[in-house]
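I opened the notebook today to go through this model with a friendly eye. Here is what I looked up, entry by entry.

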Amino acid sequence: MSNLLVQNIKHTNGTTSMVVNSSGHVATDTIKGNTTAGSISVVGEGGSNTTNLQQGLTKAWHNFDGEGTVATRDSYNVSGLTDNGTGDYRSGITTNFGNDDYSCQVCASSQDGHVGSIEREAYNTTSQMSSYIMTLGVGVDDANIVCIEGIGDLA
Amino acid sequence: MATLKTNTLTGTSTAGSIAVTGEGNSTTTNLQQGLVKMWIRLDGTAVVQQNTIVLM
């Protein structure tokens with residue numbers, strides 16, 4: 001086996017593509033597919049089959065307080081939060097999905113008791129995810145902790 | 001096809017931040033923000049931690 005000793009890999013125009021640091025780690029700021037920019041295969045845990053990097057990434061997630069004055073605790077790719085009434089919320093998306101057929105998961109927690117949570121397909125668009133919260137014995141209800149994630153094609 | 005073989009990926013500007021081009025081939029998403037950090041499949045009939053789990 002031959003060894004190529006290198007620290008920086010650059011394009012001929014001088015732009016740095018990646019850095020090999022002193023630990024041997026490949027350091028880069030952006031990963032893009034070669035054949036198709038938005039498609040990269042990753043060998044799976046079994047060492048033989050592959051999975052798709054882009055398809056496996058959560059594109060947006062949102063943790064917020066849905067009681068009283070609603071407030072975001074933490075998020076990724078979320079532009080804002082709208083309170084549409086009791087137990088009814090919308091999470092705006094910064095970088096939109098490519099279509100509205102993405103997979104959306106909602107979970108919620110409340111001191112009021114057992115909470116059920118669903119997405120409202122009719123209100124899921126490329127630029128917003130919706131969540132709807134219900135408490136057993138109460139019906140539609142605000143929840144202290146609401147978490148929503150979207151997995152699907154990015155625009 | 002070009003193949004990259006490595007055991008560890010690190011951001012250059014910020015170690016914990018790598019952009020990945022999305023399915024639409026134009027916008028990017030963040031690798032670290034999108035990765036599932038933990039998952040568990042458990043047997044719900046078994047007592048996991050008797051001191052802290054209240055069976056209902």
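**Polar contacts.** I began with the rule: a polar contact is a pair of N or O atoms within 3.5 Å; within protein, one must be able to donate a hydrogen and the other to accept it, and residues adjacent in sequence count only if both atoms are side-chain atoms. With that rule I found 19 residue pairs in polar contact across the interface of chain A and chain B, both residues at pLDDT 80 or more.

**Ground rules.** I am working on a predicted model, where local features need pLDDT of at least 70, side-chain atom pairs count only at pLDDT 80 or more, and totals for chains, interfaces and linings use all residues. Residues are numbered from 1 along each chain as its sequence is written, chains are lettered from A and ligands numbered from 1 in the order in which they are written, and side-chain values use heavy atoms, with hydrogens and water left out.

**The interface.** I looked up which residues touch, contact being heavy atoms within 4.5 Å: chain A gives 29 residues and chain B gives 28 residues. I noted a buried area of about 2,500 Å² between chain A and chain B, with 55% of it from carbon and sulfur atoms. That area is the accessible area (1.4 Å probe) that two parts lose on being put together, summed over both.

How many salt bridges are there between chain A and chain B? I count 1 salt bridge, using a side-chain nitrogen of Lys or Arg within 4 Å of a carboxyl oxygen of Asp or Glu. The side chains of Lys59(A) and Glu23(B) form this link, at 3.0 Å from N to O. On the side of chain A that touches chain B, strand 3 (26-27), strand 4 (30-31) and strand 8 (71-76) of chain A each supply at least two residues. I sorted the residues of that side into 11 nonpolar, 14 polar and 4 charged. For this, Ala, Val, Leu, Ile, Met, Phe, Trp, Tyr, Cys and Pro count as nonpolar, Asp, Glu, Lys and Arg as charged, and the others, Gly among them, as polar.

**Strands.** Chain A has 0 helices and 15 strands, read as DSSP runs numbered from the N terminus (helices H or I, at least four residues; strands E, at least two). I call two strands paired if DSSP finds at least two bridges between them.

Strand 1 of chain A is antiparallel to strand 2 (residues 16-20) of chain A over 3 bridges, with Asn8(A) opposite Val19(A).

**Around Phe64(A).** What is the bridge partner of Phe64(A) in strand 15 of chain A? I found Val146(A), and on strand 8 of chain A Phe64(A) stands opposite Thr72(A). Strand 7 (residues 60-65) of chain A is joined antiparallel to strand 15 (residues 145-151) of chain A by 5 bridges. Strands 7 and 8 of chain A make a hairpin with 5 residues between them, and Gly68(A) in the turn has a positive phi of about 60°.
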